[in-house]
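Reader: I'd like to learn how to read a two-chain model. Please show me the features one at a time.

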2 protein chains.
Amino acid sequence: MRFISKTSLGGVTEQFFTLDEIPGVLWTPEDAHGTRPLILMGHGGGQHKKAPGILARAHRFAAEGGFAVAAIDVPNHGERPTDEKFDRIATEYRARMAAGEDTAALDTAMYTLVAEQTVAEWQAVLTAVQQLDHIGGGPVGYWGVSLGGAFGIPFVAAEPRVRAAVLGLQGSPALAGTAAQITVPVQFLVQWDDERMPRAQSLALFDAVGSAEKTLHANPGKHGDLPRFEMDDSLRFFARHLG
Amino acid sequence: MRFISKTSLGGVTEQFFTLDEIPGVLWTPEDAHGTRPLILMGHGGGQHKKAPGILARAHRFAAEGGFAVAAIDVPNHGERPTDEKFDRIATEYRARMAAGEDTAALDTAMYTLVAEQTVAEWQAVLTAVQQLDHIGGGPVGYWGVSLGGAFGIPFVAAEPRVRAAVLGLQGSPALAGTAAQITVPVQFLVQWDDERMPRAQSLALFDAVGSAEKTLHANPGKHGDLPRFEMDDSLRFFARHLG
């Protein structure tokens, strides 16, 4: 793990890093000493490790919750090179979505192509970050919706170090089997008028989550309209389970 | 409004009162001075103004939130006389429920019979309570699920002094039209495995609520299994909208 830069703003220190070919960012409370819970944040499709929604949450989780927060560019996103096959699927995905056609088969293709790689990368990042003195091997949370939910579901299912997860804006039937393997507390976000995820599919994916403690938070609005107060709810959810 | 008794416990003062034939309880922070937001709490079917779920929330809302909280016995409940017609419907309701038969027509009959009276009683109690010096005419919230949701929906729709409401454990199609008239922020609670309210009907009633800001909180479990952390969420919801 190699740190590239370090800046501080509003009581939060931000460090860019690379781990092998993975570019990432780590946020910690300024002058953090001692261990602390860690939240991994998975960005959405077409976004990157410092997309506005990631950055806003990372700052609040670090500044108000005292958490460490890490985000990476997942394969084919941000600073990472684009795989030709992924690019072809993504182009077709956008075209089908624009035409109002079904994208379920492409969802499955896309997730299958890079989910395994992404899970392994998150595990490597988690191991590396937990070796830092001001983080350590404490409880871990995962926050990720939309594509961050699609990659988050297999990651949370596979990784016993993750103790709680905020997931959602997802309804791909391809994820139901993996969702059923999740056992940790889950807060699952649904946008009631999501133009990209049919409501019934989103509710079915929440239903499939295997956890005894899982809460659905549904709000009116489209895929990108997650209300601001859900950020507060995520912070309190992590504080309850990782604090 | 006539006060009957006054006791204090854990920083919360509890006063029994009657307003005409309505028996009620008022909880306020001990030694409360000055005005404060008020939360009205509607109990469930077969319950009463000091049922455990009402009492636990009232104490937290007063002690932690600094709110005033009032509950009444709704018609045919608690200390109030039972109307013969209501009693007949309620008996048939329990029998049908036990037999796993449809109760929709009885729901409608029961709500129609006493909803109008209950709304008028809540309005009278609200007016009386807001005349007290340590409460005053500040913002008002309503919390009520199950039967407390069935009576709460027409009350919140009719009463402009109510600024935010926690409702739920309800899916009666008879309530959809009134729910559509609600415009204030709503937190709507659904038990995912509710044995008394079909899931699709509960989701449809949430869908019918007219408010621009409304959030569905759904949790696994049966009608009576509302998780404890939803009490925290209700408190924060009221703090955000009435605070």
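Author: Start inside one helix. B:Glu64 and B:Arg60 both lie in helix H1 (residues 52-65) of chain B, four residues apart, about one turn of the helix. Helices (H or I, at least four residues) and strands (E, at least two) are DSSP runs, numbered from the N terminus. This is a predicted model: local features need pLDDT of at least 70, side-chain atom pairs count only at pLDDT 80 or more, while totals for chains, interfaces and linings use all residues. Residues are numbered from 1 along each chain as its sequence is written, chains are lettered from A and ligands numbered from 1 in the order in which they are written, and side-chain values use heavy atoms, with hydrogens and water left out.

Reader: What does B:Glu64 form with B:Arg60?

Author: Side chains of opposite charge can pair when their charged atoms come close. B:Glu64 forms a salt bridge with B:Arg60, with the closest N and O atoms 2.8 Å apart. The rule asks for a side-chain nitrogen of Lys or Arg within 4 Å of a carboxyl oxygen of Asp or Glu. Over all chains, the structure holds 28 salt bridges.

Reader: How many salt bridges cross the interface of chain A and chain B?

Author: The rule finds two there. A:Arg199 forms a salt bridge with B:Asp207, its closest N and O atoms being 3.8 Å apart.

Reader: How much area do chain A and chain B bury between them?

Author: The size of an interface is often given as the accessible area lost when the parts come together. Here chains A and B bury about 1600 Å², 59% of it on carbon and sulfur atoms. That is the area lost to a 1.4 Å probe, summed over both parts. In chain A, A:Trp192, A:Phe229 and A:Arg236 lose the most area to chain B, together 30% of what that side buries.

Reader: Which residues make the contact, and how many from each chain?

Author: Chain A gives 19 residues and chain B gives 19 residues. Contact means heavy atoms within 4.5 Å. 100% of the interface residues of chain A are also interface residues in chain B, so the copies meet through the same surface.

Reader: How do E9(A) and strand E9 of chain B pair?

Author: E9(A) and strand E9 (residues 214-219) of chain B pair in the antiparallel sense over three bridges. Pairing needs at least two DSSP bridges. A:His217 stands opposite B:His217 in E9(B).

Reader: What rotation superposes chain A on chain B?

Author: A rotation of 180 degrees does it, with 0.0 Å of shift along its axis (RMSD 0.0 Å). The two copies are thus related as by a two-fold rotation axis. Of the residues of chain A, A:His217 comes closest to the rotation axis, at 2.4 Å (C-alpha).

Key: Buried area is the accessible area (1.4 Å probe) that two parts lose on being put together, summed over both. Copies are superposed by least squares on the C-alpha atoms of residues with pLDDT of at least 70 in both.
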